[in-house]
Amino acid sequence: MAKMTYIKAITSGLDQVLNDDPKTLIFGEDVGKNGGVFRTTVGLQDKYGEDRVFDTPLAESGILGLAIGLALTGWRPIPEIQFMGFTFEAMDGIVGQLARDHYRFGGTKNFPVTIRTPFGGGTHTAEMHADNLENYFVSTPGLRVVTPANPYDAKGMVISAVESDDPVLFMENLKLYRSMKDEVPDDKYTVPLDSAKVVREGKDITIVAYSAEVNESLKAADALAKDNIDAEVIDLRSLSPIDTDTIFASIDKTHKVVVVQEAQKMAGVGAQVASDIAEEKIMSLDAPIGRVAAPDSVYPFAQAENDWIPNADDIEAKARDIFNY
Amino acid sequence: MANGSKQIVDFAKIKATMADPYKHPVQVIDREGKVVNPDILAKYSDDQLVDFMKKMVWERTLHEQTMNFSRQGRLGFYAPTAGEEASEMGSVTAFKEQDFLAPAYRDLPQMIQHGTTVAKGFLWSKGHVEGNIHENKNMLFPQIIIGAQYVETAGVALGIKKNKDKDRVAFVYTGDGGTSQGDWYEGVNFTSAFQAPAVFFVQNNGWAISVPRYKQTAAETLAQKAVAMGVPSVQVDGMDIVAVHEVSKLAREYAAAGNGPVVIETLTYRFGAHSSAGDDPSRYRTKEEEKPWFDADPLIRMRKVLTDKKLWSQDQEDKLVEQYKDDFKNAMKEAEAAPAQKVSDFLKWTYNVPTPSVKKQIAEFEAKESK
């Protein structure tokens, strides 16, 4: 067992799937010799050859078409879209084609494609590099959308994503890439694609979050603990499907909930979680459902990012409101 | 610089000559039925030529019968194919069973020739999942998003190359409007960058619904677009089945030998409407424009060649038409007998492993469906 960054954990997971299954292929812009612009695929071309790990021309729709055609001819593609903002160029490939194909073939053909893509605010990138675009994808039937919040889950989930016969959008938070280390087993292990995880137990209020906001929620929980407010924090991990069982069990215990996301508030994951809770658990709640989300503007210019992205203080304040309701 | 001295670059000249290599469509039989390339025609046996004609009669009858079915309300979205028989039958017959076809919505006739059934074609049009499933046949369903089949073909061709399949290529169709899509370039370019085996057809039928070919691009030919991707290309008389077949066969051989892809522009014409769903060509094109194309009908010139060779008669053709009509009517009966679709099945096919909410919805619909 070694301490590993989030990014190294993903590299380790990709190494594992390339080793396990000769039909797996990694491709995208700069993923070959350069090992990706973040170095997520570093060393993999040297180890597995240019046949398995290769650069493509610079065109995201082409990359998705490639993935679908390779799946049709028996391969297990792992395309990278260099930044999540660039998925707009591949929207037909992901939403119009890939996600629908298993259905279109009446379940007779599998499209085991894992699309890896970095996203997430806070590192002052150029425009369209940090946006949280999951809201567009979670409303797409046929597509699984997952995002790990720590190195252990990152490795276990990338392996599960590649092994899944469903198409998976695997969102990697670029702020987390090198900002945290965890004990990560060198050997193979998997983390399920459809289950949330209680990352901090508590009895007074439930905070549901994902990706970088999990760490912000944990910070908020520490601050709340100083005033004897015992918060339970749930990491969704899977954004589609949403593991409502874990959320509902927590609410039955705490009777109060705050739903947190880095994305804009309009529609999307937080709204879905709030709606699921309202539909099934409203009688178990002692207070309204609290929501913490980014404002409904276009993603901010980099200098203003920190004023825009919800942080631990925002979560703590909302949790106090709901707790004291 | 002195007046009249030569410029370092002459853009006007480049523009005036850039289409030169591409604007000489390959032709074997001209519109009057005169054989202009007897050496090529001589490579084809009488049986082959008769078979070409039968396939075109088959496709024309399919067109007419589907228009009847449409009027009777027995089909859904259907893209008429009359006028494009030489382009479609001439090309598809150059491919082998193991080749992978990525069709668009006007390519049901090629799909049927490549191994699926007429009934499945009708089921696709009627909106039934069985029209999408062609098990053990190397083909996709007809693509609706123009261009998507081009990028997917790049993947299929690369997959074929990586699998080291011998004597196997991907082939794909779009129309003149399709060449304006970004996916068109991405598909051809990716395939070329990977030197993967594919043949890209552009059936230039003059119209993208109501927008004429000249409004799609200032390029004189669509074939010349391939040069930017390092891909050889050619225009072919798309009303001449022998020319289309010969060019397609050469393209397939070239691609299968590992030389990378080829682009073929067939010059053809859509005799009818864009689709059976209310398009009326009289809104956007004139009888004066249509006339010379109707005269160029691929069946007319092939009929003449075969009649001259005493290989064909009107009586023989009439009998074939009746036989094909019966086949299509039987296929329609088969399609109409397909079991009703169930929403619970749609839910089951959405994921390999249904998600919890989908599982719940499956149970809800199964309960409804069992009532």
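The exercises below work through a chain contact, a helix pair, an annotated span and a sheet.

This is a predicted model, in which local features need pLDDT of at least 70, side-chain atom pairs count only at pLDDT 80 or more, and totals for chains, interfaces and linings use all residues. Residues are numbered from 1 along each chain as its sequence is written, and chains are lettered from A and ligands numbered from 1 in the order in which they are written.

**Exercise 1.** Describe the side of chain B that touches chain A.

Solution.
- Step 1: 35 residues of chain B are in contact with 35 residues of chain A. Contact requires C-beta atoms, placed from the backbone, within 7 Å.
- Step 2: Helix 7 (148-162), helix 8 (182-193), helix 14 (343-350) and helix 15 (356-369) of chain B each give two or more residues to this side. Helices are DSSP runs of H or I with at least four residues, strands are runs of E with at least two, and both are numbered from the N terminus.
- Step 3: Helix 7 of chain B gives the most, with 11 residues.
- Step 4: By type, this side of chain B has 17 nonpolar, 12 polar and 6 charged residues. Nonpolar covers Ala, Val, Leu, Ile, Met, Phe, Trp, Tyr, Cys and Pro; charged covers Asp, Glu, Lys and Arg; the others, Gly among them, are polar.

**Exercise 2.** Classify the packing of helix 7 and helix 11 of chain A.

Solution.
- Step 1: The axes of helix 7 (residues 212-225) and helix 11 (residues 312-323) of chain A are 8 Å apart, at an angle of about 50°. Axes are lines fitted to C-alpha atoms, for helices over the stretch in contact, and angles run from 0 to 180 degrees between N-to-C directions.
- Step 2: Under 35 degrees counts as roughly parallel, over 145 as roughly antiparallel, 65 to 115 as roughly perpendicular and the rest as oblique. The two helices of chain A are therefore oblique to each other.
- Step 3: Residues of helix 7 of chain A in this contact include Glu216(A), Lys219(A) and Ala223(A), and those of helix 11 of chain A include Ile315(A) and Ala319(A).

**Exercise 3.** Locate the annotated span of chain A.

Solution.
- Step 1: An unreviewed UniProt entry annotates residues 4-179 of chain A as "domain: Transketolase-like pyrimidine-binding".
- Step 2: The end C-alpha atoms of this span lie 11 Å apart, and the span is 37% helix and 17% strand.

**Exercise 4.** Give the strand order of the open sheet in chain B.

Solution.
- Step 1: The 5 strands follow the order 1-2-3-7-6, with parallel pairing. Pairing needs at least two DSSP bridges between two strands.
- Step 2: Strand 1 (100-102) and strand 6 (233-237) of chain B are the edge strands.

Notes: Contact = placed C-beta atoms within 7 Å. UniProt positions renumbered as here; feature names shortened; annotations may be inferred.
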